[in-house]
Amino acid sequence: MTGRAPLHRAAAGAIIAVLAVLVLAADQFTKYLAIENLPPEEPVPILGDFLVFLLVRNPGAAFSLGESVTWLFTIALAAVAVVIIWLAATRVRSRLWAVALGLLLGGVLGNLTDRLLREPGFPVGHVVDFINTPWMMPAIYNVADIFIVSMMIGVALLVLVGLHLDGTREVRESSASDAGASADGGETGDAASRD
């Protein structure tokens, strides 16, 4: 079965760039609002214990791990951003991959911006976190983190369903009926369907 045609690389790159800029802007704007309006390190209940705003500066990773090696997180974020940009320029032709990588890139750039530009300075700036959902997890996070985590799950799902970066879908031969269908003229192979 043939689906939609693959994107031109320029179109995939445009989707990735636009989504990345939107997520980066949303992340930095909400951090600005948090800094301007929330008292540092004091819980502000928004929806009882379901949603609490708690403004903190995080030098480490999740759960403030690795506080003494902040520069390593800067390098890791920069490396992820470079890989996504390289994939966008050379390999991505799938709409779903373009969306997932664009949203992921925006999240990565949001936290990388903090590492590069916020106190105590380049390249060890502290990430602004302010969202707390104690019923779900003890971590305090931000908009960028939401996109990073959700899109990492999205990328894992795309890999699991066999969708390739170029839009082709992996075809798994799982039964004799599939073999019979292909013998009757059914389309097989990696390029059998696209996102």
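This is a predicted model: local features need pLDDT of at least 70, side-chain atom pairs count only at pLDDT 80 or more; totals for chains, interfaces and linings use all residues.
Close-up 1. Why do Lys 31 and Asp 27 sit about one helical turn apart? Because they are 4 residues apart in helix α1. Lys 31 is buried as well, again with a relative accessible area of 0%.

**Close-up 2. Lys 31 and Asp 114 link two helices.** Here's Lys 31 again, this time with Asp 114: their side chains form a salt bridge at 2.8 Å, N to O. Asp 114 belongs to helix α3 and Lys 31 to helix α1, so this pair ties together parts that lie 83 residues apart in sequence. Is Asp 114 buried or exposed? Asp 114 is buried, with a relative accessible area of 0%. As a bit of background, side chains of opposite charge can pair when their charged atoms come close.

**Close-up 3. Arg 118 joins in.** Asp 114 also has a salt bridge with Arg 118, and the closest N and O atoms of that pair are 2.8 Å apart. Both residues are tucked away: Arg 118 is buried, and so is Asp 114. How many salt bridges does a search of the whole structure find? The search turns up 3.

**Close-up 4. Helices α1 and α3 cross.** Time to look at the two helices themselves. Two packed helices are described by the angle between their axes and the distance between the axes. Helix α1 covers residues 9-37 and helix α3 covers residues 95-117; their axes come within 7 Å and cross at roughly 40°. That angle makes α1 and α3 oblique to each other, because angles under 35 degrees would count as roughly parallel and those from 65 to 115 as roughly perpendicular. The crossing of α1 and α3 is right-handed. What kinds of residues make up the contact of α1 with α3? They divide into 13 nonpolar, 7 polar and 3 charged.

Definitions and conventions
Residues are numbered from 1 along each chain as its sequence is written. Side-chain values use heavy atoms; hydrogens and water are left out. Axes are lines fitted to C-alpha atoms, for helices over the stretch in contact, and angles run from 0 to 180 degrees between N-to-C directions. Angles under 35 degrees count as roughly parallel, over 145 as roughly antiparallel, 65 to 115 as roughly perpendicular and the rest as oblique. A crossing is left-handed if the near helix is turned anticlockwise from the far one by less than a right angle, and right-handed if clockwise. Ala, Val, Leu, Ile, Met, Phe, Trp, Tyr, Cys and Pro count as nonpolar, Asp, Glu, Lys and Arg as charged, and the others, Gly among them, as polar. A salt bridge is a side-chain nitrogen of Lys or Arg within 4 Å of a carboxyl oxygen of Asp or Glu. Buried means under 20% relative accessible area, exposed over 50%, partly exposed in between (1.4 Å probe, protein chains only).
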